[in-house]
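This briefing concerns the strand pairing and the nonpolar cores of the structure shown below. Please keep the sequence and the model in view while reading.

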Amino acid sequence: MNIKRKPVVFHNVISATATCKSEEWFVSAVELRNAVIKSGLYGTGPVIYQFANYDPKTDLADYTFYLPVNAPIELGENGKYQFYPKWEFTDCLILRHADLEEDLEESYEILRACADEFRFDLQEPFYHIYLDVYGGGIIDIYAPITKGRLDD
């Protein structure tokens, strides 16, 4: 496994939350992308998502989606969307999860083991950057480091 340590930074990021089944997260991601396009903007980066509060009985989880867009916006009072001029984590462990058929938990365990080895604390839940490649997709898992320095 190739684990990297580097920051992640995106500008002009719109986010939205949804509760959905684990196999249907992409539907909510597409809805966010479509809402962005309808507003006259366009995505300038990949879809980033994070999920928490997974319930195995219902297969539901709370998802938060992030999408970098081409321009800053003013949302005003809006409960559905949030805007971040700069969305950044200065220090992360990153692992590429190339086979979407494999369980993400195995990749999480690898990241946790690496953090333990170097005495880092990681922020969970982790972030996932979905990348379209070769007619399919891969996920880069970003685990922000909350304890440990960049020059460690």
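In this predicted model, strands β6 and β7 form a hairpin with two residues between them. Tyrosine 134 lies in the turn and has a positive phi of about 50°. The points below treat the strand pairing and then the nonpolar cores.

**Strand pairing**

- Seven bridges connect β6 and β7, which pair in the antiparallel sense.
- Within this pairing, valine 133 stands opposite glycine 136 in β7.
- Strand β6 covers residues 127–133 and also runs antiparallel to β2, to which three bridges join it.
- Isoleucine 48 stands opposite isoleucine 129 of β6.

**Largest nonpolar core**

- The largest nonpolar core comprises 31 residues.
- The residues with the most contacts inside this core are Ile14, Leu32, Phe65, Leu93, Leu111 and Leu122.
- At least two residues of this core come from each of β1 (3–21), α1 (25–38), β2 (47–55), β3 (60–68), β4 (81–97), α2 (104–118) and β7 (136–147).
- Helix α2 gives the most to the core, supplying five residues.

**Surroundings of leucine 122**

- Neighbours within four places in sequence being left aside, leucine 122 is in contact with Leu93, Leu111, Arg112 and Ala115, and also with Ala143, Pro144, Ile145 and Thr146.
- Among these partners, Leu93 and Leu111 are, like Leu122, listed with the most contacts inside the largest core.

**Second core**

- A separate, second core contains twelve residues, including Phe10, Cys92, Ile94 and Tyr142.

Methods
Residues are numbered from 1 along each chain as its sequence is written. This is a predicted model: local features need pLDDT of at least 70, side-chain atom pairs count only at pLDDT 80 or more; totals for chains, interfaces and linings use all residues. Side-chain values use heavy atoms; hydrogens and water are left out. A nonpolar core is a set of buried Ala, Val, Leu, Ile, Met, Phe, Trp, Tyr and Cys residues joined through side-chain atoms within 4.5 Å. Buried means under 20% relative accessible area, exposed over 50%, partly exposed in between (1.4 Å probe, protein chains only). Helices (H or I, at least four residues) and strands (E, at least two) are DSSP runs, numbered from the N terminus. Contact means heavy atoms within 4.5 Å. Two strands pair if DSSP finds at least two bridges between them.
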